Amino acid sequence: YFAGKRWLPDDQVTGIGFENHGSVIWIETPKGYSRIEYKPLTLAEKARVFEERVRARHVRHGLTAGSRLRVQGDLSSNQTISDDNDGLWTALYVAAECFRYRVTGDSDAREYARQGMQAIMRLEEITGIPGFPARSFIKIGADEQPADGEWHTTPDGQWRWKGDTSSDEITGHYFVYPIYYDLVADENEKQKIRTVVARITNHIIDNKYQLIDLDGKRTTWGWWDPDSTWADADETGLRALQILSHLRVAIHITGNQKFQAAYDE
């Protein structure tokens, strides 16, 4: 369980010792010792550890991004990287900051939530396809492009965005939009969110409950149409729950009766 570089200098354990009634464990290996301590923390204290780590090493153009060390063990060699689920991970982080702001009133929580929300909205804007959010985006010349996936260059030649967006990503968007809308957004932001959510929902409904990419074809996992949903028993309940919840979000934020009619149908 306590294996690898995360816990031990070496995986060959030659001795184990205990301190402070077992709350501290010493592990001996040929390459040195590890000291592992179980510390009681409040929820706020534990959350602060993650807050600081995210802000220090996991923010990329406002997205909550993956991170790797170019030099093992050297935190200063940190490099953020693009990921298939940048939108989803950012949505989860923004939601957490929204809750923190609502509970504590901390201005930094509101600012972090706002920064992430702007990046999420940019995922939809950057594709040039109304209502179609990208999986991720990178700055040409500044970010490393992952070898996998479907990448497109923006008209200004400054950015690239990742297509073939999945239902996972869309779930992230519909999860965070109402949370930010209800708990953090000012009136100007609410208007922008209403517009974006309407575009995404119209894109899905007008394309027969599918995400249509730049090539005019459905993405691999971007579908909620009845025929496809019923045809795959492993997906049926999940897909139905997704589209119903997405439509409820759109109704809540926009009040558009088109979305209510789609939900009822």
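This briefing covers the pockets and salt bridges of the structure above. It's a predicted model, so keep the ground rules in mind: local features need pLDDT of at least 70, side-chain atom pairs count only at pLDDT 80 or more, and totals for chains, interfaces and linings use all residues. Residues are numbered from 1 along each chain as its sequence is written, and side-chain values use heavy atoms, with hydrogens and water left out.

**Pockets**

- A pocket here is an open set of points on a 1 Å grid over the protein atoms alone, where a 1.4 Å probe fits, with protein on both sides within 12 Å along at least five of seven lines; lining residues have an atom within 4 Å of a point.
- The largest pocket comes in at about 560 Å³, a volume being the space filled by probe spheres set on the points.
- Its lining counts 16 residues, with Lys5, Arg6, Trp7, Arg53 and Arg57 nearest the centre.
- Two or more lining residues each come from α1 (4-7), β3 (32-37), α2 (43-57) and β6 (66-69); helices (H or I, at least four residues) and strands (E, at least two) are DSSP runs, numbered from the N terminus.
- Sorted by class, the lining of the largest pocket has six nonpolar, four polar and six charged residues (Ala, Val, Leu, Ile, Met, Phe, Trp, Tyr, Cys and Pro are nonpolar, Asp, Glu, Lys and Arg charged, the others, Gly among them, polar).
- The second largest pocket has about 380 Å³ and 17 lining residues, of which Ala44, Ala47, Arg48, Glu51 and Arg100 sit nearest its centre.
- For the second largest pocket, α2 is the top contributor with nine lining residues, while α2, α3 (86-104) and α4 (107-125) each supply at least two.

**Salt bridges**

- The count is 15 salt bridges, each one a side-chain nitrogen of Lys or Arg within 4 Å of a carboxyl oxygen of Asp or Glu.
- Arg100 pairs with Glu97, with the closest N and O atoms 2.9 Å apart; both lie in α3, three residues apart, about one turn of the helix.
- Arg100 is partly exposed at 21% relative accessibility, whereas Glu97 is buried at 0% (buried is under 20%, exposed over 50%, partly exposed in between, with a 1.4 Å probe and protein chains only).
- Glu189 and Arg114 meet at 2.8 Å, N to O, and this pair links distant parts of the chain, α6 (187-206) and α4, 75 residues apart.
- Glu189 counts as buried, at 11%.
- Arg239 and Glu235 form a salt bridge at 2.9 Å, N to O, and both are buried.
- Shared partners join Glu51, Glu97, Arg100, Asp106 and Asp108 into one salt-bridge network.
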